Amino acid sequence: MTQTQISASGARSGTPVPGRGSAAPMPLRTRLQLALAGLWLLDGLLQLQPYMFTKNFAVQTILPVTDGNPGWIATPVTWSAKIIENHAVATDTAFALIQVLLGLGIAYRPTRRHAIYCSAVWAAFVWYFGEGLGGLFTGQANPLTGAPGSASVYLLAAILLWPTRRTGPFPAAAWIGARAARIVWSAFWTGLAALTLLPTNRAAGAFTDALTGGMMSTGEPSWFTTMTDHANRLIIGHDLTVAIVLAVLLGLIAVSVWLPRRELVQAGLIAAAVVGAVYWVFGQAFGMPFMGMATDPNTGPLMVLLAAAYWPVRGHDAVDAAEAAKGAAA
């Protein structure tokens with residue numbers, strides 16, 4: 001049989017034909033790893049902004065992280081800020097290079113495993129020495145503006161997207177298993193709900209101040225401040241209500257991955273992505289790139305990435321059911 005006949009036969013039967021055009025589609029997990037690589041590359045490029053090569057990066061971006069933090073967090077952050085202040089060009093060049101290399105390393109398949117491992121280590125280092133653990137111990141952390149810190153979500157993404165040949169009912173379950181992955185998801189979103197209900201976030205003016213139209217509008221374009229000012233006017237005087245509604249929504253998202261029906265799980269994941277997008281626009285000002293001071297795009301895009309990592313993969317329902325039964329028996 002000739003190649004033409006083989007091709008025609010394959011076309012009629014609907015089966016893949018060897019040769020051109022027969023490559024399998026890229027798995028969702030691989031796409032998410034590439035998306036993670038892109039975010040690291042973006043971080044590296046943002047680190048090349050002129051502001052980052054000045055002492056102001058240490059004084060205005062790193063040192064304020066110490067406010068309200070206990071000594072065991074504030075002291076290491078102060079130490080790192082002093083090193084950056086005294087060697088601004090050298091340290092920032094190193095930061096940019098590290099993050100660009102992480103992005104390239106994750107994007108390149110032969111180095112992906114090692115690069116993701118290094119990204120987890122680097123994210124943990126930045127979370128502690130640069131973000132002060134996201135302000136979790138200050139009593140002021142607000143998920144709307146980026147708590148618990150983008151570095152912590154990078155660390156979480158590295159764990160959930162760790163390269164492995166195993167598969168699962170959703171991409172995040174491939175390495176650590178579906179039950180463990182669901183526990184991680186629930187813990188993350190329950191934590192966001194708890195932070196949302198902190199006294200400082202339930203106080204009058206808490207959310208209106210947190211919105212970019214409130215205290216972060218300096219340097220933003222007029223179209224953006226106009227949009228966020230409208231949002232401010234809608235919620236002014238309703239901060240407690242907003243906090244409660246958000247906390248309830250975050251709690252529902254936290255339990256959504258345990259629901260028995262695929263449609264309900266997907267609805268929860270879509271809600272999670274929408275929350276991440278809303279946070280990114282209204283609370284994080286796209287990471288504030290317009291001001292020339294952004295070190296990363298903040299947590300919004302990473303929350304969307306996590307939601308995509310839990311999207312159910314068809315054909316794994318039997319595997320999922322078997323793992324659930326095993327967990328129940330244990």
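Tutor: Let us begin with a definition: a salt bridge is a side-chain nitrogen of Lys or Arg within 4 Å of a carboxyl oxygen of Asp or Glu. The model is predicted, so local features need pLDDT of at least 70 and side-chain atom pairs count only at pLDDT 80 or more, while totals for chains, interfaces and linings use all residues. Residues are numbered from 1 along each chain as its sequence is written, and side-chain values use heavy atoms, with hydrogens and water left out.

Student: How many salt bridges does a search of the whole structure find?

Tutor: The search finds two. In one of them, the side chains of Glu85 and Lys82 meet at 3.9 Å, N to O. Both residues lie in helix α4, three residues apart, about one turn of the helix; helices here are DSSP runs (H or I, at least four residues; strands are E, at least two), numbered from the N terminus. The side chains of Arg261 and Glu263 also form a salt bridge, at 3.7 Å, N to O.

Student: Is Glu85 buried or exposed?

Tutor: Buried means under 20% relative accessible area, exposed over 50%, and partly exposed in between (1.4 Å probe, protein chains only). Glu85, at 19%, counts as buried, whereas Lys82, at 42%, is partly exposed.

Student: How is a pair of aromatic rings described?

Tutor: Such a pair is described by the distance of the centres and the angle of the planes. Rings of Phe, Tyr and Trp (its six-membered ring) pair if their centres lie within 6.5 Å; planes under 30 degrees apart count as stacked, over 60 as edge-to-face and the rest as tilted. By this rule the count is 20 aromatic pairs. One of them is the edge-to-face pair of Trp72 and Phe137, with 5.2 Å between centres and 70° between planes. Trp72 lies in helix α4 (residues 71-86) and Phe137 in the loop between α6 (112-129) and α7 (150-160), so the pair ties together parts 65 residues apart in sequence. Phe188 and Trp189 are also edge-to-face, because their ring centres are 5.5 Å apart and their planes stand at 90°. Both Phe188 and Trp189 are buried. Elsewhere, ring pairs link Trp79, Phe95, Trp122, Phe125, Tyr128 and Phe129 into a cluster.

Student: Which residues have the most contacts inside the largest nonpolar core?

Tutor: A nonpolar core is a set of buried Ala, Val, Leu, Ile, Met, Phe, Trp, Tyr and Cys residues joined through side-chain atoms within 4.5 Å. The largest has 71 residues, and those with the most contacts inside it are Trp40, Trp185, Phe188, Trp189, Phe207, Leu306 and Tyr310. Contact means heavy atoms within 4.5 Å. Setting aside neighbours within four places in sequence, Phe188 is in contact with Pro148, Val153, Leu156, Met303 and Leu306.

Student: Which residues of α13 are buried?

Tutor: They are Phe224, Thr225, Thr228, Ala231, Asn232 and Ile235. Just after α13, Gly237 takes a positive phi of about 85°.
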